[in-house]
Amino acid sequence: MSLDRRKLLASLAAVPAALAVGAAAREKKEPKPKDPPEPRKSRKRRGAKAPESHVDVAVVGAGALGAWTVWHLVRQGKSVRLFDAYGAGNGRAASNLPSMLLDPAQGGDALYAGLVSDSRDAWDRLSDTASLPILTPCQALTTLAATDAAVAPRGSERESGDKLRNRFTQIAWHPGEAAYIADKGAMLAGRRGVLETLLDAQVEPEAVVMPAPLRDKRRDVYVLPDGGTAGSIVYACGAWLTELFPQLLTPQRLSAVRSQVFHFGPGQGDLQYRPPAMPAFIDRAYGFTALPDIEGEGVRCWRSMGDASVDPDSFDRRADERALADVRQWLASRLPRIGTAPVVASAAVHDCRTATGDLLLDRLPDHPRAWVVGGAAGRAFALAPAIGARVAAHVADAGRPVEPRWALARLTGGIVTPPPPPS
């Protein structure tokens, strides 16, 4: 049977159309791959407002206390200018460490333990809005010194070393030893936490050297270096308070105390020194502290008591070999597995301490609307949100009673006036 030539050509001509129809059907069945999603955009906060010629409050010092004071003042609707001679989170600041500890027990001191909950909530909220975490939960473990009370402070429980030995195998426990353990401890990002607080407050620090308060009595305002004015002024500049008020705050009353810190790097893939496996370890019995490895910075260790009073402007920030030898000796007896680990970072740092060990928060003499705040050693950073709220409350109500333990009179030898009875 012969094939008709015309029919053959017609059938060949239909092949491309059939192939096209088949390809279209396949395209419908097999959708084109989608473009990759756009990278997640970080949350944008509004920029800082331009400084005004007159503001309600001027704050001096852009560390944790100054930043949280500004944050609370802005929430009250106050106009604020912030000054720091070296800038926020600078290399000389006590707030410049990569991580800080929020200890719920606060050494059993009820006054400071009462500030923990509000401070933790504030840091947690800030952490939720930041691109990188500010707060990392961890447990806080405090070994008991001979003088410590048998009753555990609020927020913690007392446990024997025998019970804790299997729970925290990194730590070498001594016979008959006991410790307080608090579950709601936290590690806080230091410098990053300060910068995020100021971003959230929408206030830009100004790198200006501030003098002692210059009051224009006729207008009843404080004059600022550029000719602007402020109704109130807060000096939250830590150890630099002695430069501003040398007759009032002598080095014997308030000073910068040096500590030398070392970060020891665990081995590859070793997670036992990170939260939640590793707690913050405050060894009161032997006077050292170790903080867990956060963000790969290593386990941070130092002697709890500072080793020298220093000038915060000029002291050298390098740690020395003698301090390292002391820390390694402690590690060998307490955290032996990292006793020979390499040092991945080290520094000499300072914190601001008063002669009483307490925070200073009070009015300046003869200045009802000028305030000084600083001291409290390392606990001030973690409790800065609650302390900043107290400062802002004093600014809003100049007649608000000062906490007697934080009064300037305790440092200067004056008489502490008790707060008036509630009305």
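This is a conversation about a predicted model, taken one region at a time.

Reader: Before we start, what do I need to know about the numbering and the pLDDT limits?

Author: Residues are numbered from 1 along each chain as its sequence is written, and since the model is predicted, local features need pLDDT of at least 70, side-chain atom pairs count only at pLDDT 80 or more, and totals for chains, interfaces and linings use all residues. Side-chain values use heavy atoms, with hydrogens and water left out.

Reader: OK, strands then. Which strands pair with β6?

Author: Strand β6 covers residues 178-189, where a strand is a DSSP run of E with at least two residues, a helix is a run of H or I with at least four, and both are numbered from the N terminus. Strand β3 (residues 99-102) runs antiparallel to β6 and is joined to it by 4 bridges, strand β4 (residues 135-143) is antiparallel to β6 over 8 bridges, and strand β5 (residues 157-160) is antiparallel to β6 over 4 bridges. Two strands are said to pair if DSSP finds at least two bridges between them.

Reader: Which residues face each other there?

Author: Leu188 in β6 is the bridge partner of Met100, and Leu135 also stands opposite Leu188, while Glu159 has Ala179 of β6 as its bridge partner.

Reader: And is β6 mostly covered or uncovered?

Author: Strand β6 is mostly covered, with 10 of its 12 residues buried; buried means under 20% relative accessible area, exposed means over 50%, and partly exposed is in between, using a 1.4 Å probe and protein chains only.

Reader: Switching to helices: how many residues of α10 are buried?

Author: In helix α10, 10 of the 13 residues are buried, so the helix is largely enclosed by the rest of the structure. Among those buried residues are Ile387, Val391 and His394.

Reader: Which residues touch the most other members of the largest nonpolar core?

Author: Those are Val234, Leu359, Val373 and Ile387, in a core of 63 residues. Helix α2 (residues 64-75) gives the most to this core, with 7 residues. A nonpolar core here is a set of buried Ala, Val, Leu, Ile, Met, Phe, Trp, Tyr and Cys residues joined through side-chain atoms within 4.5 Å.

Reader: What does Leu359 touch?

Author: Not counting residues up to four places away in sequence, Leu359 touches several residues, including Leu65, Tyr112, Val373, Ile387 and Trp406, where contact means heavy atoms within 4.5 Å. A second, separate core of 30 residues includes Ala239, Phe245, Leu254 and Cys352.

Reader: Now the aromatic rings: how many aromatic pairs are there?

Author: The count comes to 9 aromatic pairs, under a rule in which rings of Phe, Tyr and Trp (its six-membered ring) pair if their centres lie within 6.5 Å, with planes under 30 degrees apart counted as stacked, over 60 as edge-to-face and the rest as tilted. One of these is Trp68 with Trp123, whose ring centres are 5.3 Å apart and whose planes meet at 80°, so the pair is edge-to-face. Trp68 lies in helix α2 and Trp123 in helix α4 (residues 116-129), so the pair ties together parts that are 55 residues apart in sequence.

Reader: What about Phe288 and Trp330?

Author: Phe288 and Trp330 form a stacked pair, 5.3 Å centre to centre with 15° between the planes. Phe288 is buried, with a relative accessible area of 5%, and Trp330 also counts as buried, at 4% relative accessibility.

Reader: Last topic, the loop between β10 and β11: where does Met278 sit, and is Met278 buried or exposed?

Author: Met278 lies in that loop, between β10 (254-264) and β11 (280-283), and is buried, with a relative accessible area of 1%. Leaving aside neighbours within four places in sequence, Met278 is in contact with Gln170, Gln272, Tyr273, Pro292 and Leu335. Pro276 is also in the loop between β10 and β11, and a cis peptide bond, with omega about 5°, joins Pro275 and Pro276.
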